[in-house]
Amino acid sequence: MRVRTLTLAAASGAALLAAGVLPASASGATPRSAQEGSVSAADLLAKVKSCSQISNGKYKTDDETSATVPVCGKNGAVFWKADMDIDCDGQRTTNCNENRDPWYQDDTAFHQSNGKPLKAETLPYVVVPSSSSIWNYSSAGIKGGGVVAVIYNNKVEYAVVGDTGPTKIIGEASYATAKALGIDPDPATGGVDSGVTYILFKNSKASPIESHSAAVTLGDQLAKQFLQSN
């Protein structure tokens, strides 16, 4: 993980220099991932400006908020725009455990190829709402290991569908997803209140589910197809 973080930080720095933009701090800043794949955030976002609602109602982003987020349909994908809460469930790691996360659970809805729960600290994954009368993700062609383009602050991070959450709440992703996008990944205090777009590609599956490189490779292909078909 250390090597990957340094590599991504270096790539991000090179991109900033090429664009004539210097980072706010050359040292001490939180490393951010480089653009994953060849499809830009702007091109993807241009295709999800309008929503053709496919959910039977809308979701809350948190318990205390009102239901304002619909699930929208596109050719080959579904999407929503919400916040990002931090999921630290699955295998216990340095930053994802019951001492760091007051809501920690030692399992995920979908498992690695060896049968173990996913590892939220190192694997970018997204949480989908458990099936309900509002929306049934599996009926929409979304399944465990399905590839997701997560967009925030003009960055694209490819993730997999890794866990399920409450039936009435939407907008959650793993520690690793948040960290890669420059969002505070702390499970107790991190996350972001808005500005995150989740594009889930129908009938897709990264294999094995725990391989982030597999998700990136497939995600880039699916993102190109998405641009062509919408």
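Is Cys51 buried, partly exposed or exposed, and what is its relative accessible area?

**Entry 1. Cys51.** I worked from a predicted model. I looked up Cys51 and found a relative accessible area of 40%.

**Entry 2. The partner of Cys51.** I then asked which residue Cys51 is joined to by a disulfide. The partner is Cys72, with an S to S distance of 2.0 Å. I noted that this pair links distant parts of the chain, 21 residues apart. Cys51 lies in the loop between helix H2 (41-46) and strand S1 (72-74), while Cys72 belongs to strand S1 itself.

**Entry 3. Cys72.** For this residue I recorded a relative accessible area of 3%. That value is under the 20% limit, so Cys72 is buried.

**Entry 4. Handedness of the Cys51 and Cys72 link.** I read the torsion about the S-S bond as about -100°, and therefore listed this disulfide as left-handed.

**Entry 5. Cys88 and Cys96.** I next looked up a disulfide that joins Cys88 to Cys96, where the S to S distance is 2.0 Å. About the S-S bond I noted -65°, and the link is left-handed. Are Cys88 and Cys96 buried or exposed? I found both Cys88 and Cys96 to be buried.

Methods: Residues numbered from 1 in each chain as written. Predicted model: local features only at pLDDT ≥ 70, side-chain atom pairs only at ≥ 80, totals over all residues. Heavy atoms only, no water. Disulfide = S-S within 2.5 Å. Helix = DSSP H or I, 4+ residues; strand = E, 2+ residues; numbered from the N terminus. Buried < 20%, exposed > 50% of the residue type's maximum accessible area, 1.4 Å probe, protein only.
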